[in-house]
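Please open the model in your viewer and keep the selection panel at hand.

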There are 4 protein chains.
Amino acid sequence: MADKYDERKLQKACGVFACVTAEGISEADADVANTICLGLVGLQHRGQESAGIVTNCGNEFYSHKGMGLVSNVFGEVELKKLKGNMGIGHTRYSTAGSSELINCQPFVVDTIYSHIAVAHNGELINAKSVRDKLLRQGMGLSTSSDSEVITQLLTARPPCGEPEGPDWVARIKYLTNQTQCSYSLVIMTKDCVYAVRDPYGNRPLCIGMLKRTCSSYSPQLKRFNSLSDVQSRLHSQDEVLSWIASSESCSFPSIGAVLMYEVNPGEIVQLTPKGPKSLGIIPPAKTDDLPAFCIFEYVYFARADSMFEGQMVYSARQRSGIQLAIEAPVEAEVVSTIPESATPAALGFSLQSGIPYIEVLTKNRYVGRTFIQPSNRLRKLGVNKKFGPLSENFRGKRVVLVDDSIVRGNTIGPIIKLLKQAGAKEVHIRIASPPLKYPCYMGVNIPTREELIANKLSPEELASQVGADSLMYLSVEGLVNAIQSGITLQKERKIGHCTACLTGKYPVELEW
Amino acid sequence: MADKYDERKLQKACGVFACVTAEGISEADADVANTICLGLVGLQHRGQESAGIVTNCGNEFYSHKGMGLVSNVFGEVELKKLKGNMGIGHTRYSTAGSSELINCQPFVVDTIYSHIAVAHNGELINAKSVRDKLLRQGMGLSTSSDSEVITQLLTARPPCGEPEGPDWVARIKYLTNQTQCSYSLVIMTKDCVYAVRDPYGNRPLCIGMLKRTCSSYSPQLKRFNSLSDVQSRLHSQDEVLSWIASSESCSFPSIGAVLMYEVNPGEIVQLTPKGPKSLGIIPPAKTDDLPAFCIFEYVYFARADSMFEGQMVYSARQRSGIQLAIEAPVEAEVVSTIPESATPAALGFSLQSGIPYIEVLTKNRYVGRTFIQPSNRLRKLGVNKKFGPLSENFRGKRVVLVDDSIVRGNTIGPIIKLLKQAGAKEVHIRIASPPLKYPCYMGVNIPTREELIANKLSPEELASQVGADSLMYLSVEGLVNAIQSGITLQKERKIGHCTACLTGKYPVELEW
Amino acid sequence: MADKYDERKLQKACGVFACVTAEGISEADADVANTICLGLVGLQHRGQESAGIVTNCGNEFYSHKGMGLVSNVFGEVELKKLKGNMGIGHTRYSTAGSSELINCQPFVVDTIYSHIAVAHNGELINAKSVRDKLLRQGMGLSTSSDSEVITQLLTARPPCGEPEGPDWVARIKYLTNQTQCSYSLVIMTKDCVYAVRDPYGNRPLCIGMLKRTCSSYSPQLKRFNSLSDVQSRLHSQDEVLSWIASSESCSFPSIGAVLMYEVNPGEIVQLTPKGPKSLGIIPPAKTDDLPAFCIFEYVYFARADSMFEGQMVYSARQRSGIQLAIEAPVEAEVVSTIPESATPAALGFSLQSGIPYIEVLTKNRYVGRTFIQPSNRLRKLGVNKKFGPLSENFRGKRVVLVDDSIVRGNTIGPIIKLLKQAGAKEVHIRIASPPLKYPCYMGVNIPTREELIANKLSPEELASQVGADSLMYLSVEGLVNAIQSGITLQKERKIGHCTACLTGKYPVELEW
Amino acid sequence: MADKYDERKLQKACGVFACVTAEGISEADADVANTICLGLVGLQHRGQESAGIVTNCGNEFYSHKGMGLVSNVFGEVELKKLKGNMGIGHTRYSTAGSSELINCQPFVVDTIYSHIAVAHNGELINAKSVRDKLLRQGMGLSTSSDSEVITQLLTARPPCGEPEGPDWVARIKYLTNQTQCSYSLVIMTKDCVYAVRDPYGNRPLCIGMLKRTCSSYSPQLKRFNSLSDVQSRLHSQDEVLSWIASSESCSFPSIGAVLMYEVNPGEIVQLTPKGPKSLGIIPPAKTDDLPAFCIFEYVYFARADSMFEGQMVYSARQRSGIQLAIEAPVEAEVVSTIPESATPAALGFSLQSGIPYIEVLTKNRYVGRTFIQPSNRLRKLGVNKKFGPLSENFRGKRVVLVDDSIVRGNTIGPIIKLLKQAGAKEVHIRIASPPLKYPCYMGVNIPTREELIANKLSPEELASQVGADSLMYLSVEGLVNAIQSGITLQKERKIGHCTACLTGKYPVELEW
């Protein structure tokens, strides 16, 4: 998405990660803090605002959090202090809650039974009402973050009581009772980690295992249709060092882990040194509702090498490009993209259309968001600071430029101008997703309806405004089919995706 | 080149940049410091160790230098202090001289006539002997940098004397007399900037102009065979704001400038507010010697969108890939590359061979060189921290992996292992340049002969060591032809490239 | 106290400060954030670990906190963001709660009625039991700080209910019900600031006013026996810009304010734009108990120019020195002190004894706590790094060295050794306070009983261990008389001081 | 001097330091870098702008320099890298040369024989002409610093030639030939350190030794009238670890060293592992000229515990105060000073006059130069931010306020106002030095004549302007006598002090 480079508008919520040392493995071998740190680097694309890790060493919780990239927040000194045999981590881009250290996660609180630490990806669709309920009880909330609300809901003793110590399933049910979506959580108590997905499965969450010697990174989900399969097959495995939970499986090869299992919507998975165990699935309040996994995780947020629902995100994007070439063909000499996210869609378009793929822009990776604002004349050069035209590749030619999405639409124009000044004969824009028309209240920071260009201009009007020779979107059906056709889950599992930002159909009713 | 990501071994020397405000243009319109700063960001790939800018405001020189990236060294505050109507800048990776602030360029010295500032790309092939000559004269040298030696040679009054004030052509001739290569220089006096290329043209240098309204970024070198053409055609142009010199033309679109002219080997170009003017060409001492423009600028150093000798670097790389497919064909289902530098060669290989191009690895751009070193187990994961396998794109398939060069050869093995663990059936390595066998003494930090893997192992032995199913290099002739066949200089100009690192034939005799 | 320079052991708890703009004064004239910032610099001696300011601008609270000195935490940029017509600030040295940003004050929480911000000086003597009570209610506490407990106790709706909106007097009474000491608090709601001292008055708190034109800094407490006096005399005053609450009056001249009133033990003073108003005094649960104002505020913590109970701290210290000379005379040629805190006691000793005062040590103020630890040999030089002997002032002479207190006793020895090596004939130690024998649980970080040297060695034994020719302490009665003889409060007010660290008599029963 | 706290106008030039490991001592025992670092902390009062250390390890010189205090520039990591058996250090306040890292000392240059490193305290009175001479020779100078000029003069091969390797005495004589004052230098070659004082002895320099076990810090200069005495007595000493040179002896106790010898004006002392050795004394060009040791080193610059010419600086200051009480008596109840530098003079005044000494102001040591500038109203509070009135000590009393000097005179007024607002009946200013009327060109950054208040107002006019009830200076004769009467050098040595800033009589003719 060209829009992203200077707008920061369609941002990913967060990444969560957890690591629990397997039984019989020493702290040095499991190396929990380093493993989480590397795991968070593998989720860095989900949020660059802050990062945090909390580990659990007997009765002590060790915590370090800071603003900025994982590699800025954690150095050797910080990691050495994070002792323990389990821990959770978080990398954040704020959707709710202002950008301050106090809002950094994981949140740690002291409760009557033990410390607990909570890391959250998602956004509460009914945040205001659950927050008010807590305040009315006489509680002071110290942050503006949804995630503190979730933490206090989990801390609150469940209405049913806890005759024999903390009953986390009851507490999580109490949370689900108050708010249905969206959240993928990792929750650490003094004994274990709980990995929880909301009843609609709006945000991703998966389980992996880290073996001493890794012989293969291929996900073999079919071998692990349920967590009891995992348990039953463990004897035939190499020695397991630790059990992992992560927002995305792309973080697994970087730590030598393999993907075992995708947490089901509403499922509570408990990670202990003995391994993962499913504590059951909490269905949505409206039990007939389908899952509502965010379709934009496929389109844009997730890293291309992650696996969701049994397929690789790259493949889903490539199929979107193929479908786009079918729905919106064009005569041209060159297919290309704006570096870097839409390459799979562009290669898919090229494959289907037979028009050769070539690069038309180099990207200067040293131009960052914090770059100083120069004089007016130079500021107007806009995208030129970031992209250099490979003019000999397209001079005098017709170019199809494939992108993954359009948000505000104010970057695509300068790109087209740059290509034309550098000699392109025609520039045709093809977007591998439908027009973005509705705000998201579940973890994606989409601008207001007024700011979304698709609410203001038809494709033809937009083409004219940005100087494109044509501009076409993928249809909603085309996108949904391109994505769902690759899913390889076992048959009994329901399939469903949230397309609220495209269609306005939200998985649960909006409250104000 | 896969080797680069964690080795920093085949590094680029430096980038130089200059900007001189055109006659009649206000300081605010020309915006010299910001222009140089953005220009240096466009040359950042040539050196990330330090950056510096010196501007000239009447009799005052303003200077700011610092360690790190251009965007770290320069903020609004620093740039505001850099007043003046002309300036020069430098971005550095050390080839000679240790990594300290004192070695940062541009060097500024006070001389009997005025301050002068010097920025240098290259390395003196006879550095030791010219340095000793200065020391024997009783001069104390305060840095270990070649560039200080060059600065003092330029400062020294020429043997012929200077009856009427400073005679810069005589001083530059004196420098050329002492050392023949390699250097591309921008030299600022109180009156103007000199852009100078050594007699062998070993490092690149070109001239551009920055107009108030830019209507086209296409280089039109044919219109400007000589700088007198530039002068004669100016009346028909838009208003010129400033004149630019730069190591590479890729920095031009980012500031709204266009490429006008490539400085000839041995040429002295003077930039004044009236425009650029050639003050003549100093031939090499051995007048029959051909130019020796570094062939690795094409293979690896330069940015793909730069123009050298009338051709785009990307095109030269693509032709290398085509030639490689002719010289070293292989049966496979997939052609790919290690992100990011060898993509044009891989697309060239795909075009020639008909094997489809697809990505096999994602690159985590948040993994940098300064990243902390985790535990042993995690450290062994090596490339996995940086690259994620797109396994569904190559599971069960034969992969051709095209790279631009191999230096030490210790990264390619882990990449192959990663691909095979993720399901690749075969991995065939194809290198779009010949084996690197000899050190460079002219600005490229190539390891010693003992460290270069091509001096230790035959291609077959290397293939076996790294686990490749086959491994082949491009031939020297193949590379030279692929590059020279695209050159579009006017006929009278001699063409020649330095292939010393491949053949051991250095342009001038080595002195020890 | 010599002990302090490298031990950080007898530390001051915290400083609190508040500023409320007077009616009719513009935000620019009152300049709340800058006033608080300067005020906190004037309280910096009470805590150097972190600093924070929260301001109130309508319904928005603005907050900035950070680790380190006030001048490091607050710059122009930070202060500009702190808009509003009232605010509170805090400077901290941790007594309870670890040293992390999360524990920095003021605490801000959202409550059902508004944000509130709380800054606290003191330590809860029954911290554990009140904390447990909150946890048992199902509340998660996110810090280890007493002050969060206080904040949540204030947030909790009082048992009597609040039929007409928040009832702060009831809430503060509820707090007092739970915990009796020690706390001096400033509490900001959306409407006003409350300044509260615990029923024993263990920590200081006073009220000032800031006039546009300040003509005199002399405290004239006699004019303001009660806050209603203040109100009644305001018409005859210069224009008041703002109302101030502060831990110590020494911060007043630095902002141009004058001391008006000392908050009584148990008193709640409300600061609104109309001025300060007493909302009544809450007596201790045991109503016959005397106040227990910390006697070490006089001995060591407070700045010498602060006024407590109608007297200047400097004068009380000088009288301690006079009393010390009476109780523990010695024949000598020179009276001196270890720079800097015991100078008034040393001058008092000199005055009484007739032995001339002179300096015997210079202090290198560039030697700080964070200074690197050099080699073993150099580390052993200890106090020599910090103090230089003025040897000509005492060579061959008998020196009386007056200090304010001894904690661990491991610094006085090296000082004596330094003086003797530099030529002192005899060194007699005189301590202007009694032996420290008991820990403090009310805000002073005194080491455990085992670490307090006075529990291990008699004065004679200590003298022998540290190499002193004699060593004597002031008696408890001597100290109490020296201090109480200067008090000029109106007669009806009870007088009492906490001497728990000297006598083991704590103002309230200890709970474990 | 009250002027200093917010003006930075009468600044000290620099401090130099050297350490050479004694024969047979291991690198770990001598600990050169740490010793120099601590030594520089002991000279920190002479300059806070930058600090640097260069060590010599065989043929390698290791260097680290940075802006700021010694403790900011040097941490454990930096010091570990500074290996070697000898080294020199520098702490700087710029007198000539702008405030940039490039001007930091020590300067290191490569010469034909070896690296040399140079650290300089002082300022060349004929800087411009010697600089021009170097430039005319065709040398480029890279800094604006005098000290680079000195370095290049030392690097230049002496006119007499060096038939047998470097002849440092000849080179230093060549330097002396070019410029007579002022400089105290430590020069490190690959073999040894030279400690050199200019022929007028304008800046201080002394030699010490560091023994494994230090039993006494008393300087015993009488035992060491010459360096050959030192050598002859060494056998009877404890084991010597290293030999030291330092600007002031106050740095010695902090490293466990003792003062042995004060370098004579014009003397060259060579420090080798075998010990210090005098290589002779170079007299001034006008051989009858007396020494011209800066009298302000006594009045203000030096630390009170330093020894010059056989006396302690504190004693000289105390005698100035005694003399001041004789010359300018006044009736009063209290003698005091502005913290901190003039305490010895104030105690001297009290001793002579019989008026008791007491403190009238506390100093807030947390108010630094970098403190943010608050609003106008608060800025006007000026000195109040820094000083708190101890009003009970002087209410209704007449105060004599003794200060060491007056430069611009714009701080004393606010102090007087503060004291009067806090209740002082009268304030009489007594200055323990004569009026400052002339600029210094030898290392002290005194403002221009126009800015010096003593050139604009008579003492009576100044008293009236600042609100003092009287204001009197010490006479020139009074100051010179007070200082010279304490000198205990052996009789044959000439005594003389530079009083140029008071009298306009410069030691050598001024050149422009």
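Begin by selecting A:Cys440, which sits in the loop between strand E21 (426–431) and helix H15 (459–466) of chain A; helices (H or I, at least four residues) and strands (E, at least two) are DSSP runs, numbered from the N terminus. This is a predicted model, in which local features need pLDDT of at least 70 and side-chain atom pairs count only at pLDDT 80 or more, while totals for chains, interfaces and linings use all residues. Residues are numbered from 1 along each chain as its sequence is written, and chains are lettered from A and ligands numbered from 1 in the order in which they are written.

A:Cys440 counts as buried because it has 22 C-beta neighbours inside 10 Å; a residue is buried if 20 or more other C-beta atoms lie within 10 Å of its own, exposed if 12 or fewer, and partly exposed in between, with C-beta atoms placed from the backbone. Next, show its contacts, that is, residues whose C-beta atoms, placed from the backbone, lie within 7 Å: not counting residues up to four places away in sequence, A:Cys440 touches A:Ile446, A:Ala500 and A:Cys501.

Move on to A:Cys501, in helix H17 (residues 500–503), which is buried, with 26 other C-beta atoms within 10 Å. Leaving aside neighbours within four places in sequence, A:Cys501 is in contact with A:Phe296, A:Leu436, A:Tyr438, A:Cys440 and A:Ile446.

A:Asp403 belongs to strand E20 (residues 398–403) and is buried, with 22 C-beta neighbours inside 10 Å. A:Asp404 lies in the loop between E20 and helix H14 (412–421) and is buried as well, with 28 other C-beta atoms within 10 Å.

Finally, zoom out to chain A, whose secondary structure comes to 17 helices and 23 strands. Of its 512 residues, 59% count as buried. Its C-alpha atoms fill a box of roughly 75 × 55 × 50 Å, taken along the principal axes.

Terms used: Two residues are in contact if their C-beta atoms, placed from the backbone, lie within 7 Å.
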